[in-house]
Amino acid sequence: MNGSSLASHWKGIRSMKHPRDFSIDEILASNWDKRLAHDIAAELELASGEPRTSIPEIRRFFAIRSCRNLLGRLESARNGKSSFSALRAVATEMRRFAVEHPARAATTFRAPVPECPEWHRAYQEVHEFMIAVFAECNLSGRKGDVALQILRCLVRGFALHEFMDAFLHTFSYDEAYELALDIFIAGLRVSETGRL
């Protein structure tokens with residue numbers, strides 16, 4: 001979902017619940033963040049059947065759900081593939097998830113809070129999945145961890161630029177990302193025996 005379709009999506013959601021349009025001046029003059037927080041809390045209560053009224057509760061809810069959703073998509077992308085073919089497939093899916101769901105993707109990159117074991121488990125499952133993919137590419141231990149950090153930076157950078165339409169003279173975000181993956185994977189192949 002690109003920036004304009006995302007804006008249309010949110011406009012459609014807002015018009016269902018709030019038929020009156022708000023001007024920029026009204027938004028800035030009002031306590032808009034509280035309105036948004038109350039709307040999100042109400043949606044979460046409908047989705048989970050429990051009231052969630054604090055920012056930490058909302059953050060935990062989205063983080064756990066997002067990690068589980070991302071893991072399912074990565075598993076599907078990897079299905080039937082191995083080694084660098086699997087890595088390319090999951091790296092492509094990571095970017096797709098980040099572009100389609102920028103806020104949810106951001107929660108999957110955030111370190112879990114210490115007092116939430118469920119968030120730790122969900123985060124760790126994604127981490128272990130990716131480390132296993134890198135292990136198939138002969139990148140284990142510290143090499144696998146560093147490779148995952150590099151990939152996360154690559155995904156986040158591309159997703160952010162694509163979401164904001166910030167690349168100048170870009171013929172295709174897809175093709176640019178594929179080229180970035182070619183370079184990333186070529187570097188990983190060299191580092192199998194060298195220094196990473």
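Of the 196 residues in the protein chain, 34% are buried, meaning under 20% relative accessible area with a 1.4 Å probe and protein chains only. The model is predicted: local features need pLDDT of at least 70, side-chain atom pairs count only at pLDDT 80 or more, and totals for chains, interfaces and linings use all residues. Residues are numbered from 1 along each chain as its sequence is written, and side-chain values use heavy atoms, without hydrogens and water.

**Fold**
- The protein chain has nine helices and zero strands, taken as DSSP runs (helices H or I, at least four residues; strands E, at least two) numbered from the N terminus.
- Among contacts (heavy atoms within 4.5 Å) with a separation of 6 or more, 62% join residues 24 or more positions apart.

**Cavity**
- One cavity of 30 Å³ or more is present; a cavity is a set of points on a 1 Å grid over the protein atoms alone where a 1.4 Å probe fits but cannot get out, and its lining residues have an atom within 4 Å of a point.
- The largest cavity holds about 50 Å³, a volume being the space filled by probe spheres set on the points, which are joined across faces, edges and corners.
- Its lining consists of Leu70, Met94, Thr108, Phe109, Val126, Met130, Leu148 and Arg152.
- Helix H6 (102-109), helix H7 (117-136) and helix H8 (142-164) each give two or more residues to this lining.

**Arg152**
- Arg152, in helix H8, is buried without a salt bridge (a side-chain nitrogen of Lys or Arg within 4 Å of a carboxyl oxygen of Asp or Glu).
- The nearest side chain of opposite charge to Arg152 is Asp145, 8.0 Å away, with Lys and Arg counted as positive, Asp and Glu as negative, and His and the chain ends not counted.
- Leaving out residues up to four places away in sequence, Arg152 touches Met94, Phe109, Tyr123 and His127.

Methods:
1 Å grid on protein atoms, 1.4 Å probe; cavity = no way out; pocket = protein on both sides within 12 Å on 5 of 7 lines; lining within 4 Å. Buried < 20%, exposed > 50% of the residue type's maximum accessible area, 1.4 Å probe, protein only.
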